Amino acid sequence: MGIHASGHRGSAASDSHEASFHQKTAEELFSRDQAMLLRFLARRNHLLATWAAEMMHLTPEEADPYRKGFVGAGFEEMDEESILSRLMGDLLSAQVEIEESQIRAMLDQKSVEAKRQLLGVV
């Protein structure tokens with residue numbers, strides 16, 4: 001038997017049920033947090049790719065698949081350094097004169113913008 005918050009002793013079955021409930025709740029919260037993180041990363045990457053496409057002067061027909069490539073499967077799991085490296089390579093290949101610090105600043109800016117969009121804050 002365990003002692004509940006009310007100070008009363010509960011049965012082992014009750015304790016087991018309560019532990020199961022807390023584990024399920026924790027798993028649901030984790031799942032929701034993971035889903036929100038994936039939405040955030042997809043939104044941020046979309047915003048970054050849109051900015052990069054504009055910097056490279058891509059046509060709308062070229063920009064759409066470029067953006068989709070940044071939001072597609074697997075990109076949400078890439079770390080920031082990999083994304084920065086990809087952006088830097090793409091921009092330099094397109095003859096865009098840019099410093100890594102500018103891309104990092106844009107990553108930070110688009111992260112804030114993505115959070116605001118997801119939270120509905122303007």
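Student: Is K110 buried or exposed?

Tutor: K110 is buried, with a relative accessible area of 12%. Here buried means under 20% relative accessible area, exposed over 50%, and partly exposed in between (1.4 Å probe, protein chains only). A word on the source: this is a predicted model, where local features need pLDDT of at least 70, side-chain atom pairs count only at pLDDT 80 or more, and totals for chains, interfaces and linings use all residues. Residues are numbered from 1 along each chain as its sequence is written, and side-chain values use heavy atoms, with hydrogens and water left out.

Student: Which residue forms a salt bridge with K110?

Tutor: A salt bridge is a side-chain nitrogen of Lys or Arg within 4 Å of a carboxyl oxygen of Asp or Glu. For K110 the partner is E113, with the closest N and O atoms 3.3 Å apart. Both lie in helix α4, 3 residues apart, about one turn of the helix. Helices (H or I, at least four residues) and strands (E, at least two) are DSSP runs, numbered from the N terminus. E113 is partly exposed at 27%.

Student: How many salt bridges are there in the whole structure?

Tutor: The search finds 7. One of them pairs R44 with E80 at 3.6 Å, N to O. That pair links distant parts of the chain, 36 residues apart: R44 sits in helix α1 (residues 12–55) and E80 in helix α3 (residues 80–93).
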